[in-house]
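Morning, everyone. I'll take the sheet, then its helices, then the charged side chains and one surface patch. Here is the model.

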Amino acid sequence: MSVWDEVVGQGPAVRVLARAAAAARGGPGAAGMTHAWLLTGPPGSGRSVAARAFAAALACEDPAEVGCGRCAGCRTATAGSHADVTVFATEHMQIRREDVEPLIQTAQRRPSVARWRVVVVEDADRLNPTSGNTLLKTIEEPPPATVWLLCAPAVDDVLPTIRSRTRHVPLRVPPADAVAELLVRRDGVDPAMAAFAARAAQSHVGLARRLARDEGARARRREVLRLPQRIAGVGDAVLAAGDLVETAAEEAGASTAQRDAAERAELLRALGAESAGALPPAVRAQVRQLEEDQKRRARRHQTDVLDRALVDLLGLLRDVLVVQLGAPVEPVNPDLAAEVRAMAAASTPEETLRRTDAVALARRRLGQNVAPLLAVEALALDLRPRRADATG
């Protein structure tokens, strides 16, 4: 099994990366190899998966096949335990300078077992001007055997000074049938469920896997898709927004609570204060810093949950517009055909486009760190039928 098998529906990108990995066997300075790469693609396109596969191919030890997936280099790089492959993914809203500085120190070291030292930065669009400029000099003048792999949704999401010094590889949204085939092959999902999950997730591999394996995720998605039908007036909008934000906060808290407790226990153990009653001031300061980091992580997770819900809403509105225009394309939500037809009959294409714009605006506001409740309340008010404006 090749390392490229997980990179679904990205034939052109895989060919570019595989050729570069083959050229890289000539070592630093090899023709066809670049010291910094920018992999872009919409959410679910698998840009991080592609970056990890490329890193594994650069660490591959098989003399005949680049990225064989069987050798120790491929297996450890894929598992995240290779000595010369570092993967950084932030859990905060931005990548900070203190996050970047250890990566730069790592990049300065020569590889220990492979030809290359590889540093993967997921969500490079979250670099702020300070952390981006801190990273820039290393990307401008990297050590000869270091490769940077940056991942972002689009080229314009990355600081211009950084993107101008990288080689760009675009990825696309993979076909739904390719995602379904991966779920069947890799995760043993029933083919019918895999097909439903792939289409419902709009070909987002991670979300499709979650929908296919988690009944709770499917139930929450159904509730989100009921949102436009629940809203008839201002009161409905406020209540629906509150419910959605509260559900997202509960999901974020449930997924992080156990980890938060383990991190706190580990910190107190490391500081020798696990059995202390009142914590000494120095220990309290470190615990407070940990709690702040955990709050930022929970806020990021809540934002991600809300964004996934808004993407589901966009898929529903897309289906409504397809029915209204009679477009000959497959629906995202074939299981909601009756609801989609009812919504299409009760509104106009212009109304559906207005609602779609409102959802897109809410996503941008969440990405700009607007308070979730304010962003979702504004969206819920915009989802009201126009006739509700007269009645309130």
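A definition to start: buried means under 20% relative accessible area, exposed means over 50%, and partly exposed is in between, with a 1.4 Å probe and protein chains only as cover. Helices (H or I, at least four residues) and strands (E, at least two) are DSSP runs, numbered from the N terminus.

Now the ground rules. This is a predicted model, where local features need pLDDT of at least 70 and side-chain atom pairs count only at pLDDT 80 or more, while totals for chains, interfaces and linings use all residues. Residues are numbered from 1 along each chain as its sequence is written, and side-chain values use heavy atoms, leaving out hydrogens and water.

Start with β4. Seven of its seven residues are buried. Thr146, Trp148, Leu150 and Ala152 point one way from the strand. Val147, Leu149 and Cys151 point the other way. Both sets are buried.

So what sits around β4? The sheet is open, with five strands in the order β2-β3-β4-β1-β5 and parallel pairing. Its edge strands are β2 (85-88) and β5 (167-170), each pairing on one side only. From one strand to the next, the twist averages 15 degrees. Pairing here requires at least two DSSP bridges between two strands.

Look at the β4 pairings. Strand β1 (residues 36-40) runs parallel to β4 (residues 146-152), and five bridges join them. Ala36 stands opposite Trp148 in β4. Trp37 stands opposite Leu149. On to β3. β3 and β4 also pair in the parallel sense, over five bridges. There, Val120 stands opposite Leu149.

Next, the helices on the sheet. Contact means heavy atoms within 4.5 Å. Axes are lines fitted to C-alpha atoms, for helices over the stretch in contact, and angles run from 0 to 180 degrees between N-to-C directions. Helix α1 (residues 11-23) packs on the sheet and touches β1 and β5. Its direction makes about 140 degrees with that of β5. Helix α2 (residues 47-59) lies across β1, β2, β3 (117-121) and β4. Relative to β4, helix α2 runs at about 165 degrees.

Charges now. A salt bridge is a side-chain nitrogen of Lys or Arg within 4 Å of a carboxyl oxygen of Asp or Glu. How many salt bridges does that rule give? The count comes to 23.

Here are some of them. Arg70 bridges to Glu65, with the closest N and O atoms 3.1 Å apart. Arg70 is partly exposed at 47%, and Glu65 is partly exposed at 31%. Asp99 meets Arg96 at 3.2 Å, N to O. Asp99 has 13% relative accessibility, so it counts as buried. Lys137 and Glu141 meet at 3.7 Å, N to O. Lys137 is exposed at 51%, and Glu141 is exposed at 55%. There is also a network: Glu6, Arg186, Asp187 and Arg209 are linked by salt bridges.

Last, the surface patch. Patches take residues with over 30% relative accessible area and no salt bridge; like charges are joined within 9 Å, and nonpolar side chains (Val, Leu, Ile, Met, Phe, Trp, Tyr) within 5 Å. Areas come from the Shrake-Rupley method with a 1.4 Å probe, and for residues only the protein chains shown count as cover. Which residues form the nonpolar patch? Val234, Val238 and Leu381, with about 190 Å² of accessible area together. Leu381 lies in helix α16 (residues 372-382). Leu381 is partly exposed, at 31%.
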